[in-house]
Amino acid sequence: MKIWVDADACPKVIKDILFRAAERRRITTILVANKALRFPPSPYIKAIQVAAGFDVADNEIVKQLEAGDLLITADIPLAAEVIEKGGHALNPRGELYTRNTIRERLNMRDFMAELRDSGVNTGGPAALGQSDRQAFANQLDRFLTRHAAD
């Protein structure tokens, strides 16, 4: 199993949690972004820089991810593609998407887009707080513990 990170929009604090987990669990963690990334030297942490462009990083992740791998992303359509491919997806707020919940999230995302398109100000997500970081770290740990033997 590998951990893939949709790194362009992944908060630094979440990447730091992932870097510690990669070292502690000895799990290959791959950051994918369209810009150069800084990360600690480690045999377990790698980066792939892709060309700039709409969905270029997403497409690279979907192309290389294998069934059973974990993706860290807040991008709901990308998470849906990964789940369809047999992977797992966890968002930076600690929500592990499943086949059931991803459909709900896609529907809500589409509904909110329709509201924004009609002129309704829906606002954005709240800033990532300490409780979100803790939820992410806890869910990541639970996931890695459950899937360590796979």
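# Close-up views of the predicted model

**View 1. Helices α1 and α5 are roughly parallel to each other.** Roughly parallel is the label for angles under 35 degrees, with over 145 called roughly antiparallel, 65 to 115 roughly perpendicular and the rest oblique. Please keep in mind that this is a predicted model, in which local features need pLDDT of at least 70, side-chain atom pairs count only at pLDDT 80 or more, and totals for chains, interfaces and linings use all residues. Residues are numbered from 1 along each chain as its sequence is written, and side-chain values use heavy atoms, with hydrogens and water left out.

Helix α1 covers residues 12-25 and α5 covers residues 130-147; they pack at an angle of about 25°, and their axes are 10 Å apart. The axes are lines fitted to C-alpha atoms, for helices over the stretch in contact, and the angles run from 0 to 180 degrees between N-to-C directions. The crossing of α1 past α5 is right-handed, a word used if the near helix is turned clockwise from the far one by less than a right angle, with anticlockwise giving left-handed. From α1, the residues Val-13, Ile-14, Ile-17, Leu-18, Ala-21, Arg-24 and Arg-25 meet Arg-133, Phe-136, Ala-137, Leu-140, Asp-141, Leu-144 and Thr-145 of α5. Sorted by type, the residues of this α1 and α5 contact are nine nonpolar, one polar and four charged. Here Ala, Val, Leu, Ile, Met, Phe, Trp, Tyr, Cys and Pro count as nonpolar, Asp, Glu, Lys and Arg as charged, and the others, Gly among them, as polar.

**View 2. The whole protein contains five helices and six strands.** Both kinds of element are DSSP runs numbered from the N terminus: helices are H or I with at least four residues, strands E with at least two. Of the 150 residues, 37% are buried, where buried means under 20% relative accessible area, exposed over 50%, and partly exposed in between (1.4 Å probe, protein chains only). Taking contacts between residues at least 6 apart in sequence, 50% join residues at least 24 apart; a contact means heavy atoms within 4.5 Å.

**View 3. Helix α2 packs its buried residues against several neighbours.** In α2 (residues 56-64), the buried residues are Ala-57, Asp-58, Glu-60, Ile-61 and Val-62. Their packing partners are the strands β1 (3-6), β2 (29-33), β3 (45-49) and β4 (70-72), together with helix α3 (76-84).

**View 4. Helices α2 and α3 meet in a right-handed crossing.** Their axes come within 10 Å and cross at roughly 15°, which means that α2 is roughly parallel to α3. On the α2 side Asp-58, Ile-61 and Val-62 take part, meeting Leu-78, Glu-81 and Val-82 in α3. By type, the residues of this contact of α2 with α3 are four nonpolar, no polar and two charged.

**View 5. Asp-8 and Lys-35 form a salt bridge between two loops.** Six salt bridges turn up in a search of the whole structure; each is a side-chain nitrogen of Lys or Arg within 4 Å of a carboxyl oxygen of Asp or Glu. In the bridge of Asp-8 with Lys-35, the closest N and O atoms are 3.7 Å apart. Asp-8 belongs to the loop between β1 and α1 and Lys-35 to the loop between β2 and β3, so the pair ties together parts 27 residues apart in sequence. Asp-8 is partly exposed at 28% relative accessible area, and Lys-35 is partly exposed at 40%.

View 6. Asp-16 is partly exposed with 24% relative accessibility, while Lys-12 is exposed with 60%.

**View 7. The side chains of Glu-84 and Arg-99 meet in a salt bridge.** The distance from N to O is 3.7 Å. With Glu-84 in α3 and Arg-99 in α4 (residues 99-117), the pair links distant parts of the chain, 15 residues apart. Glu-84 counts as exposed at 59% relative accessibility, and Arg-99 as partly exposed at 45%.

**View 8. Gln-139 is a buried residue of helix α5.** Its relative accessible area is 13%. Setting aside neighbours within four places in sequence, Gln-139 is in contact with Leu-90, Gly-94, Leu-96 and Arg-146.
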